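Please look over the charged side-chain contacts of the model shown here. Which pairs are joined, and where do they sit along the chain?

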Amino acid sequence: MNDRKHRQTTAEMEPSATRSLWLDGVSRSYPPLDGDVTTDVAIVGAGIAGVATAYFLASTGAKVVVLEARGVAEAASGRNAGFLLAGVAENFVAASHRYGERNALRIWHFTKQTQALVRSLVAENGIDCELRWNGSDQIPGDEEEWREIEGSARRLSSEGVAVSVDPAARTATYAGDGELHPVRWVRGLAAGAVRKGVRIHESTRVDAVAPGEARTATGVVRAGAVVLCTNAYTTHLASSRVRPVRGQMLATAPAAPVFARPAYANRGYQYWRQTRDGRVLVGGWRDTAVDEEVGEEERTTEAIQKKLGAFLVDHRITAPVTHRWAGTMGFSHDALPYIGAIAPGLFVCGGFTGHGMAFGPASAELVATLVRGATHPDADLFDPMR
């Protein structure tokens, strides 16, 4: 398992121009599949959704095998900003217009369940992932959005949510939100899943799935259930409405303190944070190149990177840029993930629309419940057939 051929670092596997800060020095730790296997559940994909699903199923005594084409958390789970925000990308008022207020509240509480799960799983498994609960800021891109942000704060405050509004700074701060190192988080949880008996096979691309089996070039995994936690890549294996969308980021060397907490601005199209060691991370601006920022190619573009660099200039951040990278997100038709059965014995859990860290653990808990044949009160919200 610790053989050199399994311990490629991401620096060897990716050009430096697209290497995520979070993946620096990361090595693949688990062997490829070698031969046929029979198990209770086969999970395709070892991002946060796949790893958490494996963890929850193994916790109930199921035998689980996870198959990953790359390495644990090397795709979208290792290329995001590491935000743990409640709700969807839109503010609560906008979400209420889209889903209805009752469902918007259900979605809010669903993502709060993720935050509760992160707290408990990090503690339970002793995961060092730089988890901090400093809250998050919502910042408007225009006057209409500011009115919605103010209205959202009033409505959620009436539900007991800890939120404060600063009209002078035109900011709403949600005290319960958090941030972490996403790769350490997912890989730490993967180690916990392995301790519960989960088998993980990296560098193992699944070529086809059917109810009861997942086929690879080096073996077939036969299982009572197969779960696709493949997010943007789901259409390679099943009929799906998930579409691939590119997101870009950059990170600087450590800088003097500038930002107290993660920020989401302009309806989630712009976001930034400062890490514990002072690095400034900036991402987004996809709305300025909507037609170009699609597909599975994980490459940066001059147009978007210039926007991210201009943000640093505007905020007088002079620390040099050390990392620039891109990642592929899986978008759904309504910005909510698809979670549930798509055929007898075949399940999907993906389409997080850029919010995999916020939705992932609670979504994994939901799909694990359905795989076990039980019911879940929020299954209707995320039904893949909706």
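This is a predicted model: local features need pLDDT of at least 70, side-chain atom pairs count only at pLDDT 80 or more; totals for chains, interfaces and linings use all residues.

Residues are numbered from 1 along each chain as its sequence is written, and side-chain values use heavy atoms, with hydrogens and water left out.

**Overall**
- The whole structure holds 24 salt bridges (a side-chain nitrogen of Lys or Arg within 4 Å of a carboxyl oxygen of Asp or Glu).
- Arg70, Arg79 and Glu298 belong to a network of salt bridges.

**Pairs between separate parts of the chain**
- Glu130 and Arg276 form a salt bridge with an N to O distance of 3.9 Å.
- Glu130 is in the loop between helix H4 (101-125) and strand S4 (136-139), and Arg276 in the loop between strand S14 (270-274) and strand S15 (280-284), so the bridge ties together parts 146 residues apart in sequence; helices (H or I, at least four residues) and strands (E, at least two) are DSSP runs, numbered from the N terminus.
- Glu130 is buried at 14% relative accessibility, whereas Arg276 is exposed at 52% (buried is under 20% relative accessible area, exposed over 50%, partly exposed in between; 1.4 Å probe, protein chains only).
- Arg170 and Glu143 form a salt bridge, with their closest N and O atoms 3.0 Å apart.
- Arg170 lies in the loop between strand S5 (163-166) and strand S6 (171-174), and Glu143 in helix H5 (residues 143-157), 27 residues apart.
- Arg170 is partly exposed at 30%, and Glu143 is partly exposed at 42%.

**Pair within one helix**
- Glu302 and Lys306 form a salt bridge at 3.3 Å between the closest N and O atoms.
- Both belong to helix H7 (residues 302-314), where a spacing of 4 residues separates Glu302 and Lys306 by about one helical turn.
- Glu302 is exposed at 59%, as is Lys306 at 54%.
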